[in-house]
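Me: Can you walk me through this one? I'll ask as I go.
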Amino acid sequence: IPPPSFIEVDIEQLIQRMVNLLQPEMTVANIGFVIKNSTAGKLIYADPEQLSMVLINLVKNAKEALDHSNNPCIHIKSYAQNHSVFIEVIDNGPGIEPEALEDIFIPFFTTKENGSGIGLSLSRQIIQQHGGSIKVFSESGKGCRFVVQLKA
């Protein structure tokens, strides 16, 4: 991954561009797409292209996890707290098995039949290059929540 090209980025605008890009795909797949953006006017220094790549990867992973779910829905929440900005991508799919949770950020580890296992490891690397963190919370059968934390 090339080093990030840091510029001032408005989180709300970044998320809105990503939503505009992915909304048609969610509509076709009949997936609810709920956005709760509480970061109006919050700026961070980031590479908007790399950050968009991470968010798109998280949303596409959530979409794939919802293939056989009833009332599939993806929530994107953003908020600021303690000099940090948080972006959460939450789905109501089957969740990630506990034994796989520890390995999902390892390069080439995948739980998908046709997965490469590089999306989440690249996402983690990008977020770490931004001085942030990415964490996952999941309970089998109760969906999944990825939390990206970045410095405000």
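This is a predicted model: local features need pLDDT of at least 70, side-chain atom pairs count only at pLDDT 80 or more; totals for chains, interfaces and linings use all residues.

Me: Is Asn61 buried or exposed?
Reply: Asn61 is buried. Its relative accessible area is 16%, and the cut-off for buried is under 20%.

Me: How far apart are the C-alpha atoms of Asn61 and Asp91?
Reply: They are separated by 9.5 Å. Along the chain, Asn61 and Asp91 are 30 residues apart.

Me: Back to H2. How do H2 and H4 cross?
Reply: Their axes come within 10 Å and cross at roughly 145°. The crossing of H2 and H4 is left-handed.

Me: Which residues make that contact?
Reply: From H2, Gln50, Leu51, Met53, Val54, Asn57, Leu58 and Asn61. From H4, Gly119, Leu120, Ser123, Ile126, Ile127 and Gln129.

Me: How many of those are nonpolar, polar or charged?
Reply: The contact of H2 with H4 has 7 nonpolar residues, 6 polar and no charged.

Me: Now H4 itself. Which of its residues are buried?
Reply: H4 covers residues 119-129, and Leu120, Ser121, Ser123, Ile126 and Ile127 are buried there.

Me: What do they pack against?
Reply: The buried residues of H4 pack against helix H2 (48-65), strand E6 (133-138) and strand E7 (144-151).

Me: And what follows H4?
Reply: Gly131 does, with a positive phi near 75°.

Me: Changing topic. What about the largest nonpolar core, how many residues does it have?
Reply: That core has 38 residues. Val59, Ile74, Ile76 and Phe146 have the most contacts inside it. Helix H1 (residues 11-28) gives the largest share, 7 residues. In soluble globular proteins, nonpolar side chains tend to be buried together.

Me: Take Ile76. What is it in contact with, leaving aside neighbours within four places in sequence?
Reply: Ile76 is in contact with Ile15, Met18, Val19, Phe33, Val34, Ile35, Lys36, Val59, Ile87 and Glu88.

Me: One more residue. Where is Thr39?
Reply: Thr39 is in the loop between strand E2 (32-38) and strand E3 (43-46).

Me: Buried or exposed?
Reply: Thr39 is buried, because its relative accessible area is 0%, and under 20% counts as buried.

Me: Which polar contacts does its side chain make?
Reply: The Thr39 side chain makes one with the side chain of Asn37, at 2.6 Å. Another, of 3.2 Å, joins the side chains of Thr39 and Ser78.

Me: What else is Thr39 in contact with, again leaving aside neighbours within four places in sequence?
Reply: Besides Ser78, Thr39 is in contact with Ile11, Glu12, Tyr79, Ala80 and Val85.

Technical notes: Residues are numbered from 1 along each chain as its sequence is written. Side-chain values use heavy atoms; hydrogens and water are left out. A nonpolar core is a set of buried Ala, Val, Leu, Ile, Met, Phe, Trp, Tyr and Cys residues joined through side-chain atoms within 4.5 Å. Buried means under 20% relative accessible area, exposed over 50%, partly exposed in between (1.4 Å probe, protein chains only). Helices (H or I, at least four residues) and strands (E, at least two) are DSSP runs, numbered from the N terminus. Contact means heavy atoms within 4.5 Å. Axes are lines fitted to C-alpha atoms, for helices over the stretch in contact, and angles run from 0 to 180 degrees between N-to-C directions. A crossing is left-handed if the near helix is turned anticlockwise from the far one by less than a right angle, and right-handed if clockwise. Ala, Val, Leu, Ile, Met, Phe, Trp, Tyr, Cys and Pro count as nonpolar, Asp, Glu, Lys and Arg as charged, and the others, Gly among them, as polar. A polar contact is a pair of N or O atoms within 3.5 Å; within protein, one must be able to donate a hydrogen and the other to accept it, and residues adjacent in sequence count only if both atoms are side-chain atoms.
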